[in-house]
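User: I would like to learn how to read the main features of a fold. Please take me through them in turn.

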Amino acid sequence: MENRYDTIENFNMNLEECRQALESIGGLIIVDNDGYIKFFSKDIMNIIERVNAKDLPDDLIGKHISEIHPTSKIIKLLNEPFEEKITTYKMSGVLNITRILPLMQDNRRTGIIDLDLFRNNWEISKFLKQLESMELEESLKLPDTKREMEEQLNRISQKKYTIADLVGDSYVIKKLKNDIYKLAESSSTVLITGETGTGKEIVAHAIHSISGRQLHPFIEINCAAIPESLFESELFGYEEGTFTGAVKGGKAGVFEQANHGTLFLDEVDQIPYNMQPKLLRVLQEGEVTRIGGKKIPVDVRIIASTNKDLKAMVLNKQFREDLYYRLNVINIKTPALRDHREDIKSLINHRIKILNKVMDMDIEGISEKALTLLKQYDWPGNIRELFNVIERGVNMCESRMLDVNDFKDIFFDVNQKDAAQNDVGISTLDEIMRFTEKENIIKALRICDNNKTKAAEILGISRTSLHHKITRHNIHSENI
């Protein structure tokens, strides 16, 4: 299956540049499926000549690997399938690490690549001395480092969202992504505001995933889901024996769990008022105090989100002013879907692609008629509501294409709204379509000052098609 990276233009080198690049890698051997040499780096040639005390032929290309390097790890892999592997080996008593992977073309193996991590003994010795020095300085503990690396790799593989999940090419989505990229080098506190269903959680994950903290924990806590009596223990943890039912050995709060990483406080407006001073203190001092314990330093980046007006809550004494300003260092607002309706098609296709995998379906897309009317709906639940509607449509769809009949509830709402606003009694889907098409044409012509070429571009149709529709709908200049 073609990978999307296969289509990216990332290669513009001539043969001599390719040769120099391959030579610079060092420790590199490439053979075809039968074991005949396609590339052999000079440093490996030198090592083999020293070990065997004899010169190799000047031209190795086309020679069999067993003839030139009879102890090569490649030989026993020639007749068996394998995936990329990293392994250690000894040559002349010197330990090295090698990476072996299949050479692929058109989704089939055409050869084998063998790449050593180190070029020579000196590089190996230098690397080992650096490790020893770091251990002596206590900046590195190998067992701990191995465990941490495994945990970090596991976290990367389990990322819930990335910036790629912010779908759309509208101005507001491009600006949102640009604002997130600006935070890549920052550890400042971020407050994400926006209506429900606009993707605040995705933004929080995206900020973490491009930051310097991405290899460390991302801990998410919904402040509305925690009973007030448990809030302090959930945030700050407790020591063993602090209260009846306390876990043996105590429990770390979310601040400790997120140490060196990011703590996402979703629905931060729901934090109990009496807990807000304690949260503020942690943010200011960079340390938490477990219930019944002592202070513990923490290094945590805070991202908070809310769909409420925190300023109004401050005025109404529902949210502490000092905490508000401490959280609102950087503000990012997620746009309502009605403010970027042009992204609806991309969002629908994105959701259909996911649903096809999850539900083992083969829906190809959405009809233009259905798309046109979905763009007329106000989407009070924003992207979350859109995705739910699309999922319902996919479940109800009886063809390979989502159509107007798969969204009857939405069309009823649009019909009711248009009827109320325009005093037009609409009863059938065809009438709804005609009405909606006419309204959109009039809107496009108004935006473009009656320039039919520009209006056709906005509507995504040809100028000739627009002319026919204007005639069919009996649209005159006085309507514009």
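User: What share of the contacts in the protein with a separation of 6 or more is between residues 24 or more positions apart?

Analyst: Contact means heavy atoms within 4.5 Å. Here, residues 24 or more positions apart account for 64% of the contacts with a separation of 6 or more. This is a predicted model: local features need pLDDT of at least 70, side-chain atom pairs count only at pLDDT 80 or more, and totals for chains, interfaces and linings use all residues. Residues are numbered from 1 along each chain as its sequence is written, and side-chain values use heavy atoms, with hydrogens and water left out.

User: How many helices and strands are there?

Analyst: Helices (H or I, at least four residues) and strands (E, at least two) are DSSP runs, numbered from the N terminus. The protein has 19 helices and 16 strands.

User: In what order do the strands of the open sheet lie?

Analyst: Two strands pair if DSSP finds at least two bridges between them. Five strands form this open sheet, in the order S7-S10-S13-S6-S14, with parallel pairing. Strands S7 (218-222) and S14 (330-333) are the edges, each pairing on one side only. Four bridges join S10 (residues 262-266) to S13 (residues 301-306). Leu263 has Ile302 in S13 as its bridge partner.

User: Which residues touch the most other members of the largest nonpolar core?

Analyst: In soluble globular proteins, nonpolar side chains tend to be buried together. A nonpolar core is a set of buried Ala, Val, Leu, Ile, Met, Phe, Trp, Tyr and Cys residues joined through side-chain atoms within 4.5 Å. Buried means under 20% relative accessible area, with a 1.4 Å probe and protein chains only. The largest core has 32 residues, and Phe255, Leu263 and Leu265 touch the most other members. Helix H10 (276-285) is among the elements giving two or more residues. H10 gives the most, with four residues. Leaving aside neighbours within four places in sequence, Phe255 contacts residues including Leu235, Leu263, Leu279 and Ile302.

User: How do helices H18 and H19 cross?

Analyst: Axes are lines fitted to C-alpha atoms, for helices over the stretch in contact, and angles run from 0 to 180 degrees between N-to-C directions. The axes of H18 (residues 452-459) and H19 (residues 463-472) come within 9 Å and cross at roughly 95 degrees. Angles of 65 to 115 degrees count as roughly perpendicular, and H18 and H19 are therefore roughly perpendicular to each other. Lys452, Thr453, Ala455, Ala456 and Leu459 in H18 meet Arg463, Leu466 and Ile470 in H19.

Note on methods:
Angles under 35 degrees count as roughly parallel, over 145 as roughly antiparallel, 65 to 115 as roughly perpendicular and the rest as oblique. Buried means under 20% relative accessible area, exposed over 50%, partly exposed in between (1.4 Å probe, protein chains only).
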